[in-house]
Amino acid sequence: MDIDRIIRKNILALKPYSSARNEFSGKAELFLDANESPWDDDSRLNRYPDPMQRELRRKIAKCFSVPEASLFIGNGSDEAIDLLIRVTCEPEQDRIVQFPPTYGMYEVQARIQNAGVKNILLNEDFSLPVEDYIKQVDEKDKITFVCTPNNPTGNSFAPEVIETLVHETSGLVVVDEAYIDFSDSKSMIEKISHYNRLVVLRTFSKAWAAAGIRLGIAIGNPELIKYLNAVKYPYNINQLTAEKALSLLESKGPYDERRELIRQEREKMRQKLLEIRGIETVFPSDANFLLVRVKDSAHELVRKLAERGIIIRDRSQLPRCEKCVRITIGRPEDNERLLTTLKEILS
Ligand SMILES: Cc1ncc(COP(=O)(O)O)c(C=O)c1O
């Protein structure tokens, strides 16, 4: 299916910003084109970074085994979410589809673009409501966001079910795999060559332990990715971020030992939390957090923990998350401290 049909007309017609360095292809010796300072006091920070992040692109493409042209590199995957909506959704006309409860930024970015938001609730067991989706999806729905493992419920969706969504919509299906490194699930990245309307988001903010550098990627059909690259800020990845990301890629990447430790701690915490009197349910999780339902007020629990210096996330206002909090898995000693404090508060 033709990607251009999904893209807004003004974006199809856009001539992106281009710098002299972008247009030059020989061996450069003297840079007097970009009104920078000529003095390099601090590892090339006097210069603008490479707008197309060529070295980083090469290494990320290799790491994820995808062609360079299918990669958008962003200021966190939040930038990819924003740009995907901006290139596809005509304000006041088009919509995104999401499956609440889910990650909040899909809706926020859609609202900023003044696009509509079609909410189709997850089933009670947190599975995808495929029948409802088939009934409700239409040609104004330009993007369907699927988060797997889902934040905040922690469960994953089977690739075949996600593929059904791709077949049922004429828009994009964006699969947000921010937490997939903590799960046993198979990535949808390898399906990208089969479906040109499928996009996968990954981030360095979770298992890569680098939320502070702000680096996320979108992987998709080059025909679509070229529009994300056309609308991004020219220098969206700063030099310090690029250098840190290169060093992470050259070392082991997501640290296997720590990822394994988080998974073990997650299961240990699940058991121990269930033993605490005021806790009703701890949902199974494929991510680095647990969704926990308490017997009394989630809001009160969050407040009492905060008084003791511990911050967790109140999710009780979200649909299907009545009386629920989301707890990130920390280091073993952090988890112990939380358990001790919870016992004090809840018993
Ligand atoms: C599902 C999901 N996607 C994306 C993000 C944001 O990732 P980034 O830090 O790459 O912007 C988060 C952050 O918590 C998330 O939970």
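Mentor: A residue is called buried if 20 or more other C-beta atoms, placed from the backbone, lie within 10 Å of its own, exposed if 12 or fewer do, and partly exposed in between. This is a predicted model, in which local features need pLDDT of at least 70, side-chain atom pairs count only at pLDDT 80 or more, and totals for chains, interfaces and linings use all residues. Numbering starts from 1 along each chain as its sequence is written.

L342 belongs to helix α12, which covers residues 332-346 (helices are DSSP runs of H or I of at least four residues, strands runs of E of at least two, numbered from the N terminus). Between L342 and R277 there are 65 residues in sequence, but their C-alpha atoms are 9.7 Å apart in space.

The chain falls into domain 1 (3-13 + 49-250) and domain 2 (256-346), with bounds from an automatic or database domain assignment. The centres of domain 1 and domain 2, taken over C-alpha atoms, are separated by 28 Å. Where the two meet, 18 residues of domain 2 are in contact with 19 residues of domain 1 (contact: C-beta atoms, placed from the backbone, within 7 Å).

The largest nonpolar core has 78 residues, and among its members L84, V199 and A218 touch the most others. Such a core is a set of buried Ala, Val, Leu, Ile, Met, Phe, Trp, Tyr and Cys residues joined through C-beta atoms within 7 Å. Helix α4 (residues 77-88) gives this core its largest share, six residues. Domain 1 (3-13 + 49-250) and domain 2 (256-346) each supply at least three residues to this core.

V199 shows the packing in detail. Apart from neighbours within four places in sequence, V199 is in contact with L84, L172, V174, A218, I219, G220 and L224. Two of these partners, L84 and A218, stand beside V199 in the list of core residues that touch the most other members.

Strand β7 (residues 216-219) runs antiparallel to β1, and four bridges join the two (strands pair if DSSP finds at least two bridges). Along this pairing, G74 stands opposite G216 in β7.
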